[in-house]
Amino acid sequence: MAVVVALAFVFLVMFPVPSPVRALSSNYYDHTCPHLESIVTIAVKKAMSNDKTVPAALLRMHFHDCFIRGCDASVLLNSKGKNKAEKDGPPNISLHAFYVIDEAKKALETSCPGVVSCADILALAARDAVFLSGGPTWDVPKGRKDGRISLATETRQLPAPTFNISQLQQNFAQRGLTIEDLVALSGGHTLGFSHCSSFQNRIHKFNATVDVDPTMQPSFAAKLRSVCPAHNKAKNAGSPLDSSNLVFDNAYYKLLLQGKSIFSSDQALLATPKTKALVSKFASSQEAFEKAFVTSMIKMSSLSGGQEIRLDCRVVG
């Protein structure tokens with residue numbers, strides 16, 4: 001969810017926009033695959049033991065999946081022939097940890113073959129990523145189906161890190177998500193890392209009169225400029241998204257109020273009285289943030305998607 005590139009805003013009429021699913025149920029697999037959740041958790045834990053960036057990757061992957069054609073695991077599909085899939089679209093180039101979903105799917109195909117969708121596995125893995133990073137847990141409604149269409153061009157629908165508040169509100173509203181959902185889900189930036197390209201606009205040539213975004217705390221901006229010089233050549237250079245980027249907490253909101261946010265889209269949350277009040281509320285209460293985050297995650301992850309159960313999460317059919 002965190003590292004995306006600046007892309008032009010695409011209006012609703014150009015692409016299909018997902019709507020909430022009505023058939024999801026937290027006990028959907030109780031009889032057909034009773035060990036589903038423990039199998040997914042084992043896969044996430046194993047991956048985390050080898051790579052601490054896995055939770056952020058899984059959370060972002062789920063977000064990027066749901067915002068295009070709903071939560072249908074279309075983000076997992078590989079490009080084939082001339083068809084360039086979502087995962088190869090510019091905002092998704094830096095997505096990783098697909099193997100976690102593959103490992104869980106492989107184990108599930110042994111335990112309960114042909115039953116569990118890749119979309120449900122990804123939704124569960126994102127929940128586990130949050131919980132295993134010190135955040136809240138919740139019952140994930142299940143019963144999603146996997147989609148058959150994955151187009152790199154549709155990644156233009158994803159909210160960009162350069163978006164202002166009106167662009168963000170419109171992008172979320174198209175998916176039935178509110179201002180409260182926008183501010184709560186932005187808290188997912190408590191986990192993760194961004195490459196320089198996603199915030200270069202704030203620290204070099206901000207506008208015609210100033211080089212650095214004046215809303216940034218000066219010493220913080222200077223630190224980012226030292227890591228990401230104007231003509232940065234270091235492929236992996238960048239910054240953590242908050243000061244405790246491996247722990248799911250409310251530090252993101254506290255730093256935002258201090259002028260230490262990374263993206264323009266983060267700073268945009270202070271642009272209206274309502275969004276700023278929510279930022280302040282979440283900064284002062286981890287409990288309030290977690291409650292709102294869980295509500296918004298369930299809402300977002302219920303956006304409708306596909307039509308089938310994939311046997312291989314990377315291949316249609």
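I first listed the buried residues of α6, where buried means under 20% relative accessible area, exposed over 50% and partly exposed in between, with a 1.4 Å probe and protein chains only; they are D181, L182, V183, A184, L185 and S186. Because 6 of the 8 residues of α6 (residues 179-186) are buried, this helix is largely enclosed by the rest of the structure. I took helices (H or I, at least four residues) and strands (E, at least two) as DSSP runs, numbered from the N terminus.

I noted that this is a predicted model, in which local features need pLDDT of at least 70 and side-chain atom pairs count only at pLDDT 80 or more, while totals for chains, interfaces and linings use all residues. Residues are numbered from 1 along each chain as its sequence is written, and side-chain values use heavy atoms, with hydrogens and water left out.

Next I asked what covers the buried residues of α6. The cover includes α5 (165-173), α9 (251-257), α11 (273-284) and α12 (286-300), with contact meaning heavy atoms within 4.5 Å.

I then looked at α5, where I165, L168, Q169 and F172 meet I179, D181, L182 and L185 of α6. The residues of this contact divide into 6 nonpolar, 1 polar and 1 charged, where Ala, Val, Leu, Ile, Met, Phe, Trp, Tyr, Cys and Pro count as nonpolar, Asp, Glu, Lys and Arg as charged, and the others, Gly among them, as polar.

Last, I looked up H189, which the unreviewed UniProt entry lists for "binding site", an annotation that may be inferred rather than shown by experiment. I found H189 in the loop between α6 and β1 (193-195), and H189 is buried, with a relative accessible area of 7%.
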